[in-house]
Amino acid sequence: MLRLILSTDWIAGREAVLGAVSEQVRRRKGNQILMVPELISHDTERRLCAAAGDIASRYAEVLSFPRLLRRVSEQTQFMPPECLDNGGRLTAMAAAARQLSSKLKSYAAVETRPEFLTGLLDAVDEFKRCCIRPADLRLASEQTTGSLAQKLEELALIQESYDSLCAQSQADPRDQMNWLLEQLEVCDFAENHNFYIDGFPDFTQQHMAILTHLLKESKHVVVSMNCDKPGSNAPAFERAGETAAQILRV
């Protein structure tokens with residue numbers, strides 16, 4: 001069941017969520033998870049303890065999406081794959097471009113231009129956050145013409161080659177959320193927990209896919225958004241309003 005809290009005062013929204021979690025703590029109801037962005041997770045833990053009292057940690061916990069990954073891996077006993085660091089990612093992208101050197105035209109200079117390799121990594125980051133696969137890029141290339149079609153086709157080849165190299169060694173860190181979703185789909189973690197989600201102005205497509213799973217499987221999901229209404233046109237609330245509308249469509 002979804003409960004959507006909308007408030008033009010983000011502090012009021014935060015207090016409403018803390019109050020909802022605190023009520024479950026007072027009733028000694030366990031498995032309450034409050035999800036917030038990583039940057040405010042420690043402050044939220046402090047606020048939850050202040051609101052719910054000394055026993056808060058026995059019944060509720062504060063998680064970010066990366067913390068949720070670690071929490072789920074503890075239950076499934078499957079450790080997430082080790083990930084490349086920034087230097088490893090750049091090396092893998094250079095190797096992927098080198099493998100494709102005979103097939104690249106628009107991106108022929110990539111192999112010898114570090115700034116191009118960095119730009120390609122930025123593009124792959126965006127594709128992964130938006131759940132855009134090489135097949136999607138290839139389909140888009142077939143629906144357009146000229147240099148754009150060629151660039152899209154080459155980007156599909158580059159991402160495929162890069163992903164193949166990562167599969168043979170260490171994973172790209174941007175794939176961790178995909179791994180998390182796969183683990184959630186084969187265990188009962190979402191079914192056995194209540195989720196309260198606060199502090200996000202919007203979600204990446206990866207995070208939205210995880211949220212969709214929680215909405216389907218969990219008995220109780222509360223999402224707080226800082227806006228006046230779903231689909232708001234007000235400049236201050238437009239992004240959060242669109243996110244609220246997207247959650248309702250889900």
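In this predicted model, helix H6 (residues 114–129) packs against helix H8 (residues 146–168). Their axes lie 11 Å apart and meet at an angle of about 85 degrees. That angle makes H6 roughly perpendicular to H8. H6 supplies Leu120, Leu121, Val124, Phe127 and Lys128. H8 answers with Leu155, Ile158, Gln159, Tyr162 and Asp163.

H6 has another partner, helix H5 (residues 86–99). Here the axes come within 10 Å and cross at roughly 100 degrees. H5 and H6 are therefore roughly perpendicular to each other. From H5, the contact uses Arg89, Leu90, Met93, Ala94 and Ala97. From H6, it uses Leu117, Thr118, Leu120, Leu121, Val124 and Asp125. Look for Leu120, Leu121 and Val124 of H6: they touch H5, and they also touch H8.

| Helix pair | Axis distance | Angle |
|---|---|---|
| H5 and H6 | within 10 Å | roughly 100 degrees |
| H6 and H8 | 11 Å | about 85 degrees |

Now turn to the strands. Strand S4 covers residues 194–197. Which strands pair with S4? One is strand S2 (residues 32–35), which runs parallel to S4 and is joined to S4 by four bridges. Another is strand S5 (residues 221–225), also parallel to S4, with three bridges.

Follow one row of residues across these strands. Methionine 35 has isoleucine 197 of S4 as its bridge partner. Isoleucine 197, in turn, is bridged to valine 223 in S5. Between S4 and S5, the chain passes through helix H10 (residues 205–217). This β-α-β crossover is right-handed.

Which way do the residues of S4 point? Asn194 and Tyr196 face one way, while Phe195 and Ile197 face the other. Are they buried or exposed? All four residues of S4 are buried.

Last, the cysteines. A disulfide is a covalent bond between the sulfur atoms of two cysteines. How many disulfides does the model have? The count is zero. The cut-off is within 2.5 Å.

Cysteine 83 has 25% relative accessibility, so it counts as partly exposed. Cysteine 49, at 42% relative accessibility, also counts as partly exposed. The class in question lies between under 20% for buried and over 50% for exposed.

How values were computed: Residues are numbered from 1 along each chain as its sequence is written. This is a predicted model: local features need pLDDT of at least 70, side-chain atom pairs count only at pLDDT 80 or more; totals for chains, interfaces and linings use all residues. Side-chain values use heavy atoms; hydrogens and water are left out. Buried means under 20% relative accessible area, exposed over 50%, partly exposed in between (1.4 Å probe, protein chains only). Helices (H or I, at least four residues) and strands (E, at least two) are DSSP runs, numbered from the N terminus. Two strands pair if DSSP finds at least two bridges between them. A crossover is right-handed if, with the strands pointing away from the viewer, the path from the first strand over the helix to the second runs clockwise. Axes are lines fitted to C-alpha atoms, for helices over the stretch in contact, and angles run from 0 to 180 degrees between N-to-C directions. Angles under 35 degrees count as roughly parallel, over 145 as roughly antiparallel, 65 to 115 as roughly perpendicular and the rest as oblique. Contact means heavy atoms within 4.5 Å.
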